[in-house]
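Student: I've got a model open and I'd like to talk through its geometry and contacts. Can you take my questions one by one?

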Amino acid sequence: MAAGNRDLQGRIQSAFRHPFLRKAVKSATNTLRDRKNVVTHDLGHWEDWRNLGMQIRNHVIENLDTYLQQFAKNMLQQGAQVHWAVTAEDALRIFQGIVDKHKAKLVLKSKSMVSEELHVNHVLEDRGIHAVESDLGEYIIQLAGETPSHIIVPAIHKTRQEVADLFEKDSGQKQQPDTASLTRYARQKLRQMFLDAPIGVSGCNFAVADPGAVALFTNEGNGRLVTSVPPVHVVFMGLERIVPTFRELDVMAKLLPRSATGQKITSYMSVIRGPKGPGEQDGAQEMHIIIVDNGRTRILANPKYQEVLRCIRCGSCLNVCPVYRQVGGHTYGWVYSGPIGAVLTPLLQNDLINWGETAYLTTLCGACTEACPTKIPLHEMLIQLRLERTVSGATSSLERTAFRLWSETWGNPTLYKLSMKGGYIGQKPFMKEGHLEGGPTPLSAWTNSRYFPPIAKETFRDRWRKGEI
Amino acid sequence: MSQQQILGSIAKALGRPTPSTVTESLKYTLPPRAIDHLDEAGTLEAFRQAFVGINGRFFRVENWNEAVEQIRKIFMELNIRPEEAAAWDVPELAPLWETFPEIYRGGDIGITAGKKIGITWTHGAIAETGTLALLAGPQSHRGTSVLPPVHLSLFSRRELVKSLGEAFDRLGSKDFRALNFITGPSRTSDIEMDLTIGVHGPAVVLVIYVENLG
Ligand code: SF4
């Protein structure tokens, strides 16, 4: 499957070296989290809405075959073309066929995580076709040649000045580093492209089975332009993104914008039921829907992870994750970041050895699970992934031996007592100002970067025995 | 075939021999909302508040004569000549043509993109969020509400609904290819989380509520 950067340590180090990233990520996630708290409180009964969200998504997953068939049948009847892609390669081949048929040299995209997952842009660029991201944040990171650092605000690690520099390079003209001017530049530049592009590409926040429809939530309006201005509209849809009817779309519209950006609803929600109808003067003449599996049915077949298919890609779990808030999205190495990325990446890549390390980018505090609007038990899945990775032999033999010894020692009361005594004496050379520093590897990997509290002279068990506690 | 393969994998994962095509629909009730108990006047006021809260400009007029006057004022204020406007060619907006026959009523994208204002009729005004629901059709072009930098929409009491769910109940079964829900101006916070209005869509969104269509 798709490439990515597999060197976790390297990724973490470069996140820490970035001059702006940690500060930016922290303030963005704080803002998003706080806004969410306000709007969910205003709505009231948030827990009931979450339960309903979970129930609906579960129902869809349990009846995925039914709803997908309904959706496909209805969309076909309304004039859309429906394609099914088992693998990323299938999806790209289908898309390439559409691009070739229309001899397109320019493809305009609104945000789609699935198309990022498939690396659609690279494939097009390799064939000399210009694929342009029209979401402002995505446009910025595309010019910078980077991947999103946040699912919802992808260019949050870029300063205004950096954006101005990128736009300057893009236009060959001086750009003012203020948000309004930069936004204006993007509007003008992209507006012409919208009018010129023969193909528009979008993702699919939700597909409605009955009547067939694709629903898109956007704020900038690019989602509306992509789906109605170019003559051809292609939708990349993960096969789990479905709801039965408009009633359930209504519930999702309560959950998604509130959880994602802390809005009651996004500026635009477009419900598209096919190419333009008879007599209509605008709207796409041709609509293609590419239903993508790419590992999703494999996840469906695994009861331990099936629930992750409830995800509505709101990014809420990122905003509350103490690890994500420190390292940002690039550390996760691929397109999905934060707790959802840590779970989804190894599962979609189907590679615990090279990608399973993302399951360690967590404190297991459970804040993600608590934030999730569809109540996915993310932290439990992270533990499960770690377990499977260890059992599969992916961890180093030194680590395994160390943990085996540790569990044997601490599992035995006498050995436990001895180890505490030994530890107390052994730690003395490394004590500095009340905490441990340095020491032999692997201890130093911890103590060199953060405080490690020393073992107390008198243990809890001693004090308990003396009746001090 | 990929379709069979995918549906087969799904059926297998769900423990069935073949893909299923029928299911019981899910039964549930929605949690209560503040909006549920509002009367008509309260609903309109809730719409106004929500709409103004997301940077929309709201006008309330008694009848079409006043509506036309209001539009004239808006044109003056924003320095727009009638020929610089595009509008839907729908019967609901008929009184507009009598006063401003110069307004462009076709749906050509290139022409619409060059206009300064797009004028539409709202099919569902959603009080809960201040949202305008617009059905696309042969006379109600999609571009009118998104291409020009200003969007003006009109509606009357019949169009007023409390919630998105109610709008879906009312409009969802109609024969349409695109239903657009618009909540305030186009916006982004993509650069340093700094809110900016008017990216790809209109920066200014105005609504005129016409009490009596006559
Ligand atoms: S896992 Fe839950 S919180 Fe995280 S992106 Fe998905 S739906 Fe949102």
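This is a predicted model: local features need pLDDT of at least 70, side-chain atom pairs count only at pLDDT 80 or more; totals for chains, interfaces and linings use all residues.

Student: At what angle do H9(A) and H10(A) pack?

Tutor: Helices here are DSSP runs (H or I, at least four residues; strands are E, at least two), numbered from the N terminus. Axes are lines fitted to C-alpha atoms, for helices over the stretch in contact, and angles run from 0 to 180 degrees between N-to-C directions. H9 covers residues 160–171 and H10 residues 179–196 of chain A; their axes are 10 Å apart, and the angle is about 35°.

Student: How much area is buried between chain A and chain B?

Tutor: Contact (heavy atoms within 4.5 Å) takes in 97 residues from chain A and 74 residues from chain B. Buried area is the accessible area (1.4 Å probe) that two parts lose on being put together, summed over both. Carbon and sulfur atoms give 59% of that area, which comes to about 7,100 Å².

Student: Which residue of chain A forms a salt bridge with Arg16(B)?

Tutor: A salt bridge is a side-chain nitrogen of Lys or Arg within 4 Å of a carboxyl oxygen of Asp or Glu. There are 5 of them between chain A and chain B. For Arg16(B), the closest N and O atoms are 2.8 Å apart, and the partner is Asp65(A).

Student: How many residues apart in sequence are the parts that Glu146(A) and Lys158(A) tie together?

Tutor: These two form a salt bridge, with the closest N and O atoms 2.9 Å apart. Both sit in the loop between H8 (136–144) and H9 of chain A, so the pair ties together parts whose separation in sequence is 12 residues.

Student: Which residue does a cis peptide bond join to Asp210(A)?

Tutor: Most peptide bonds are trans. Here omega is about 0°, and the residue joined to Asp210(A) is Pro211(A).

Student: What is phi of His119(A)?

Tutor: Most residues other than glycine have a negative phi. His119(A) lies in the loop between helix H6 (113–117) and helix H7 (120–126) of chain A. Its phi is positive, near 55°.

Definitions and conventions: Residues are numbered from 1 along each chain as its sequence is written. Chains are lettered from A and ligands numbered from 1 in the order in which they are written. Side-chain values use heavy atoms; hydrogens and water are left out.
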